[in-house]
Amino acid sequence: MKLKPEDIESLANRIEAKRLASGYSYSDIARISAVNQGQVSRICRGQFKTASGNVMQICMMLGVDAKLDEPADFVRIQEAVLNLWDGTSVDAERITRLLGVVNEVRRTT
């Protein structure tokens, strides 16, 4: 999901504050989180546009709450999808394919 500039700034500030408070270097975070050191540096400085897997991995590693103010519709859709999913990778693939078909239908109408 693409983030608003103010969300990026807020999240980057929380990441960097936690990094400094914990005494971790960029290389420490890279080693522990398995994220490339260059990516760690960019993320800690707020040079990202989405809440990517690497951003989330760093947040988890540092214990940073990555929760952003999400629109109510986004939360509603997310909850609906999670209610559909039975927790298996097979079902995740089915739901992903189904959403892909919905997207295709929407593009053709």
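**Figure 1. Helix α3 packed against helix α4 in the predicted model.** Helix α3 and helix α4, the latter spanning residues 53-62, pack at an angle of about 80 degrees, and their axes lie 10 Å apart. Here an axis is a line fitted to C-alpha atoms, for helices over the stretch in contact, and angles run from 0 to 180 degrees between N-to-C directions. The angle makes α3 roughly perpendicular to α4, a word used for angles of 65 to 115 degrees, while angles under 35 degrees count as roughly parallel, those over 145 as roughly antiparallel, and the rest as oblique. On the α3 side the contact is made by Gln-39, Val-40 and Ile-43, and on the α4 side by Asn-54, Val-55 and Ile-58, where contact means heavy atoms within 4.5 Å. The residues of this contact of α3 with α4 divide into four nonpolar, two polar and no charged. In this division Ala, Val, Leu, Ile, Met, Phe, Trp, Tyr, Cys and Pro count as nonpolar, Asp, Glu, Lys and Arg as charged, and the others, Gly among them, as polar. The model is predicted, with local features needing pLDDT of at least 70 and side-chain atom pairs counting only at pLDDT 80 or more, whereas totals for chains, interfaces and linings use all residues. Residues are numbered from 1 along each chain as its sequence is written, and side-chain values use heavy atoms, with hydrogens and water left out.

**Figure 2. Helix α2 packed against helix α3.** Helix α2 (residues 26-33) and helix α3 (residues 37-44) pack at an angle of about 115 degrees, with 8 Å between their axes. From α2, the residues Tyr-26, Ser-27, Ile-29 and Ala-30 meet Gln-37, Val-40, Ser-41 and Cys-44 from α3. Sorted by kind, the residues of the contact of α2 with α3 comprise five nonpolar, three polar and no charged. Helices are DSSP runs (H or I) of at least four residues and strands are runs (E) of at least two, numbered from the N terminus.

Figure 3. Val-40 is buried, with a relative accessible area of 0%; buried means under 20% relative accessible area, exposed means over 50%, and partly exposed lies in between (1.4 Å probe, protein chains only). If its neighbours within four places in sequence are left aside, Val-40 is in contact with Tyr-26, Ile-29, Ala-30, Val-35 and Ile-58. From Val-40 to Glu-6, the separation is 34 residues in sequence and 20 Å in space, C-alpha to C-alpha.

**Figure 4. Ser-33 in helix α2 and Met-60 in helix α4.** Ser-33 has a relative accessible area of 3% and is therefore buried, whereas Met-60, at 60% relative accessibility, counts as exposed. Not counting residues up to four places away in sequence, Ser-33 touches Gln-57, Ile-58 and Met-61. Although Met-60 and Ser-33 are 27 residues apart in sequence, their C-alpha atoms are 8.5 Å apart in space.

**Figure 5. Ala-34 in the loop between α2 and α3.** The phi angle of Ala-34 is near 65 degrees, which is a positive value in a residue other than glycine. Ala-34 counts as exposed, at 70% relative accessibility.

**Figure 6. Val-64 in the loop between α4 and α5 and Arg-14 in helix α1.** Residues up to four places away in sequence aside, Val-64 touches Leu-11, Arg-14, Ile-15, Lys-18 and Cys-59. The C-alpha atoms of Val-64 and Leu-11 are separated by 8.5 Å, although these residues are 53 residues apart along the chain. For Arg-14 and Leu-84, which are 70 residues apart along the chain, the C-alpha atoms are separated by 33 Å.
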